[in-house]
Amino acid sequence: MKILFTSSECVPFCKTGGLADVVGALSPVLAAKGNDVRVMMPLYSAIPQEYVNQMTHEIDFEIDLGWRRQYCGIEKLEMNGVIYYFVDNKYYFGRSYIYGMGGDEHERFGFFDRAVLNALPLVGFQPDIIHANDWQCGMIPALLRIQYGHVSFYNSIRTVFTIHNLQYQGIFGIQDVQDILGIGDGYFTDDKLECFGCANFMKAGLVYSDEITTVSPSYAEEIQTAYYGERMDGLLRARRASLCGVLNGIDVEEYDPAHDPLIAAHYTVDDLEGKKECKRALQEELGLERRADAPIIAIISRLSNQKGLDLVDRVIAEIMEEDVQLVVLGMGDAKYVNLFSWAEQQYNGRVAARFKMDPELAHRIYAGADIFLMPSQFEPCGLSQMISLRYGTLPVVRETGGLRDTVLSYNETTGAGNGFSFFNYNAHDMLYVIRRALFFYHQQPEVWRVLQRRAMTGDYSWSHSAEMYLSLYRDMLPKHPKAEKEPQA
Ligand code: ADP
């Protein structure tokens with residue numbers, strides 16, 4: 001099969017969140033299974049020079065955006081069996097940020113979506129499937145159907161649209177979007193592109209794609225309800241026959257405590273001695289008291305409301321009354337930066353907070369911590385809890401979305417479980433479960449070991465999910481009439 005992924009980010013080139021991990025990890029897995037897989041993303045100035053140096057110039061052409069005519073270059077790089085195309089326009093992507101600050105996001109990603117479709121015949125790639133991701137690519141399925149459907153090159157292409165986070169929808173003024181993409185008034189009705197008086201890129205993807213997926217089975221159910229639906233629940237209920245949840249995986253080679261070159265000592269499920277060394281090294285690196293017996297609770301996260309940090313805010317004093325240490329790595333809202341900066345001063349030697357993007361430190365924290373706290377308000381899939389499971393750092397999570405699908409709370413009766421969880425979005429429920437985890441950590445280390453074993457031996461690879469995507473793609477292709485049977489001799 002010929003598959004084109006389109007995404008606004010992809011590791012190792014550019015990452016702000018889980019989307020980049022997913023596209024970056026899934027595409028080589030699908031390629032390794034014998035498919036022709038290509039990825040298209042913007043050529044941001046943030047992409048490291050080492051990759052830019054490996055790119056070759058494929059083609060360039062011009063794109064009409066309303067009254068503007070813009071340069072579009074396509075640069076190409078091959079890696080791990082995948083061809084990556086980078087859409088080059090310095091005005092749109094040569095900026096010091098990836099998202100958000102210029103007030104012209106509709107134009108930047110409208111340009112990108114148009115560029116993807118226009119580039120395909122020019123680079124000579126006619127995909128069977130375009131797999132578009134999140135709102136930045138939402139106009140691709142819509143433009144394909146509205147403006148390109150009559151061209152034979154395009155009319156056999158099927159589209160999959162994946163929701164990685166329904167909260168971010170790409171909402172803009174209708175006239176602004178019309179101005180850029182030249183879509184007629186007739187399409188801005190509430191069954192198509194209009195949404196509460198605005199144009200909505202996410203809705204465009206949801207209405208016009210052939211199939212919709214999201215990144216965990218539980219989130220696929222949740223977003224059909226008003227609480228989680230972000231005003232799209234009605235549409236998603238209407239399209240539920242074409243909606244499914246496919247759980248993300250992680251790169252199990254990158255996140256492997258037995259071989260990870262970034263951590264202080266290696267360890268395996270059968271020999272956890274190295275984890276003690278990782279903890280000691282982490283305490284030293286972050287200026288924490290060197291205590292093997294004090295459990296480290298870690299948070300590695302975007303510092304946003306989504307991640308349930310207001311619950312931590314509410315009970316941080318009670319958490320710190322326990323004999324624990326707290327490590328936070330994240331960037332985001334000032335109120336949480338203030339909270340954890342305050343905590344670092346208040347609990348000197350027991351709390352360490354770092355406000356930066358530091359993937360290497362993240363590895364050291366996953367390896368050195370004992371408990372990983374992730375009390376999200378909603379969580380489409382979540383990768384961090386899977387990474388922490390793999391490092392034997394037991395997660396304490398709220399039962400929502402992908403957290404529900406990957407973490408099973410310890411059940412004292414049956415012995416089942418690989419972590420701890422709570423259901424209500426309530427700070428004291430979270431506190432209770434943190435205390436419950438601490439009880440087993442201190443009082444029943446043999447139970448802790450069993451949970452760690454189960455956590456570390458779980459399958460978090462892409463192999464199962466990649467098969468699910470392939471079977472979804474296969475079902476979308478036009479069915480060929482069965483070849484007539486040879487007459488029997
Ligand atoms: P989301 O996509 O909602 O941000 P996920 O859990 O799906 O959350 O993915 C987050 C990824 O980003 C994980 O791999 C996590 O380790 C990483 N991450 C988050 N914040 C940081 C940070 N400040 N430094 C390094 N890695 C981070």
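User: Which loop holds R231?
Analyst: Quick heads-up: this is a predicted model, where local features need pLDDT of at least 70 and side-chain atom pairs count only at pLDDT 80 or more, while totals for chains, interfaces and linings use all residues. Residues are numbered from 1 along each chain as its sequence is written, and side-chain values use heavy atoms, with hydrogens and water left out. Helices (H or I, at least four residues) and strands (E, at least two) are DSSP runs, numbered from the N terminus. On that numbering, R231 sits in the loop between α8 (217-222) and α9 (233-238).

User: What is the phi of R231?
Analyst: Most residues other than glycine have a negative phi. R231 is a non-glycine residue with a positive one, near 70 degrees.

User: Is R231 buried or exposed?
Analyst: The cut-offs go by relative accessible area: buried is under 20%, exposed over 50%, partly exposed in between (1.4 Å probe, protein chains only). R231 comes in at 56%, so it counts as exposed.

User: And D134, buried or exposed?
Analyst: D134 also has a positive phi, about 60 degrees, although it isn't a glycine. Its place is in the loop between β6 (129-133) and α5 (139-147). With a relative accessible area of 9%, D134 is buried.

User: Which peptide bond is cis, with omega near 10 degrees?
Analyst: Most peptide bonds are trans. For this one, look at P12, in the loop between β1 (2-6) and α1 (18-32). The cis bond runs from V11 to P12.

User: What is the strand order in the open sheet of six strands?
Analyst: Two strands pair if DSSP finds at least two bridges between them. The pairing in this sheet is parallel, and the order is β15-β14-β13-β16-β17-β18.

User: Why is one side of β15 and of β18 left without a neighbour?
Analyst: Strand β17 (residues 394-398) is joined to β18 by three bridges, with R398 opposite F422. β15 (351-354) and β18 (420-422) stand at the edges of the sheet, so one side of each has no neighbour, as each has a single partner strand.

User: At about what angle does helix α11 run to β13?
Analyst: Angles run from 0 to 180 degrees between N-to-C directions, and axes are lines fitted to C-alpha atoms, for helices over the stretch in contact. Helix α11 (residues 309-321) lies across β13 (296-303), β14 (325-332), β15, β16 (371-374) and β18, and its angle to β13 is about 160 degrees.

User: Which α17 residues make the contact with α16?
Analyst: Contact means heavy atoms within 4.5 Å. A437, F440, Y441, H442 and Q443 contribute from α16, and from α17 it's P445, V447 and W448.

User: How many disulfides does the count come to?
Analyst: The rule asks for a pair of cysteine sulfur atoms within 2.5 Å. The sulfur of C72 is 14 Å from the closest cysteine sulfur, in C137, so that's too far for a bond. The sulfur of C137 is 11 Å from its closest one, in C10, also too far. The count comes to zero.
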